[in-house]
Amino acid sequence: MDIAAYMAEVGQQARQAARAVARSTTAVRNQALLATAEALDAARDELAAANTRDLEGGRANGLEAAMLDRLELTPARIDAMIEGLRQVASLPDPIGEITDMTYRPSGIQVGRMRVPLGVIGIIYESRPNVTVEAASLCLKSGNATILRGGSEAIHSNQAIAACLAKGLKESGLPESAVQVVKTTDRAAVGELITMPRFVDVIVPRGGKGLIERISRDARVPVIKHLDGICHVYIDSHADPEKALSIAVNSKTQRYGTCNTMETLLVDQEIAADILPLLADAFREKGVELRGCPQTMDILPDVVRATEDDWGTEYLAPVLAVKVIDGLDGAIEHINRYSSQHTDSIVTENYTRARRFLTEVDSSSVMVNASTRFADGFEYGLGAEIGISTDKIHARGPVGLEGLTSQKYVVFGDGHIRT
């Protein structure tokens, strides 16, 4: 296969389809989503057979257990894909919304209309359910999309692609509105991220290496985050019961997610009282603690933390712990080491909470809540395409609105400028 020619054809078809999707009605796009849900339900056997091929290939190639788990399409996960499509169909349509209409002294009216981005390229690894999640959000927000999944999920993704094509066809939308790249050749990724004439934005979902490569080589704007180095700071004015619950949940509810706490900061005024309680709770969960010298004075059996630990995303039952000199010290540490993903303070002091919200420069900043809430569904977005730690266009969980832009619209009645 000539990869460059193939990807150019995919891009050209996506650009043409994007125009059709952008002018389609909400009802038509919702029909495509619901028809896809029905197609998935009817194709359970085909999906299972394709997924079995991928799982067998993964085992033969030595994929780790965690990767195999992400790759598997269980009946429950197929149910979740179907339900996700129905949920996205039920969400309000952002396209065409006009806001901020004002009369200018000249007599014209000026406002802003929400519009699709155009063609969105999504590059992801392992989890075939992302194919449905990404396609549904892009389609609902009036965009065409090009999906490039991992080679380990090629058969599963193509089986899902067939269901998406059926749903699009039944609604009257072009099947090229959602294209799943058919080749596993990595050169396809290089082409996708360097086609600005066809692709308007790239969303990478995967490991740090993948995202670093795309951020470095792309000639198309990228919505991404590299790491999820999330902090919980337990203030001297914290409620101990809340602090214990929030810290344990932030770390142990799931280990392998980008919104899992990786560093726990504890105010030195309460460290001697609360650290032993926290240590007991984490030990029960099998979490290894790596502490600063002050932490080790209170908990002599913890592993000594190195400088690297403060900037590490473990994605595992390992937690860095540091005793900190008050709120100023916590804010300074977080702004130095945080990946600007999600950081939380536990405190009963309103003034301190407001300072933390104002001065911590992250895409999600929380008061008395677990970092695990940093998620599109939990934020009421219905679903998310990913989480952005960038500051331009979209920041935090990226839902339907994050897949759109705005343009100015002007209404006059024969007005001319003098």
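**A walk from strand β9 through the chain**

The structure is a predicted model, in which local features need pLDDT of at least 70 and side-chain atom pairs count only at pLDDT 80 or more, while totals for chains, interfaces and linings use all residues. Residues are numbered from 1 along each chain as its sequence is written, and side-chain values use heavy atoms, with hydrogens and water left out.

Glu-288 belongs to strand β9, which covers residues 288-291. Helices (H or I, at least four residues) and strands (E, at least two) are DSSP runs, numbered from the N terminus, and two strands pair if DSSP finds at least two bridges between them. Strand β9 is joined by four bridges to β11 (residues 318-324), and these two strands run parallel. Two bridges link β9 to β10 (residues 303-304), again in parallel, and here Arg-290 stands opposite Val-303. Between β9 and β10 the chain passes through helix α12 (residues 293-298), and this β-α-β crossover is right-handed, a term which means that, with the strands pointing away from the viewer, the path from the first strand over the helix to the second runs clockwise.

Buried means under 20% relative accessible area, exposed means over 50%, and partly exposed lies in between (1.4 Å probe, protein chains only).

What does the chain look like as a whole? It contains 14 helices and 16 strands, and its C-alpha atoms fill a box of roughly 70 × 65 × 35 Å, taken along the principal axes. The radius of gyration, taken over C-alpha atoms, can be set against a globule rule of 2.2 Å times the number of residues to the power 0.38. For 418 residues a compact globule would come to near 22 Å, and the chain, at 24 Å, agrees with this. Buried residues make up 52% of the 418 residues. Among contacts (heavy atoms within 4.5 Å) between residues at least 6 apart in sequence, 72% join residues at least 24 apart.

The interior can be followed through its nonpolar cores, each of them a set of buried Ala, Val, Leu, Ile, Met, Phe, Trp, Tyr and Cys residues joined through side-chain atoms within 4.5 Å. The largest core has 70 residues, and those with the most contacts inside it are Ile-122, Val-199, Ile-202 and Ile-385. Helix α1 (residues 3-23) gives the largest share of this core, eight residues. Leaving aside neighbours within four places in sequence, Ile-385 touches several residues, including Ile-122, Ala-134, Val-203 and Leu-403. Apart from this core lies another, of 34 residues, among them Ala-243, Ile-246, Ala-279 and Tyr-314.

Charged side chains also link parts of the chain. A salt bridge is a side-chain nitrogen of Lys or Arg within 4 Å of a carboxyl oxygen of Asp or Glu, and by this rule there are 25 salt bridges. In one of them, Arg-44 meets Asp-79, with the closest N and O atoms 2.5 Å apart; Arg-44 lies in helix α3 (residues 44-60) and Asp-79 in helix α5 (residues 75-90), 35 residues apart. Lys-242 pairs with Glu-348 at 3.0 Å between the closest N and O atoms. Lys-242 sits in helix α10 (residues 240-252) and Glu-348 in the loop between β12 (342-346) and α14 (350-359), so this pair ties together parts that are 106 residues apart in sequence. Lys-242, with a relative accessible area of 36%, is partly exposed, and Glu-348, at 45%, is partly exposed as well.

Most residues other than glycine have a negative phi, and most peptide bonds are trans. Ser-126, although not a glycine, has a positive phi of about 70 degrees; Ser-126 is found in the loop between β3 (119-124) and α6 (129-140) and is buried, with a relative accessible area of 2%. Gln-340 has a positive phi near 65 degrees, and its place is in the loop between α13 (326-337) and β12. Is Gln-340 buried or partly exposed? At 25% relative accessibility, Gln-340 counts as partly exposed.
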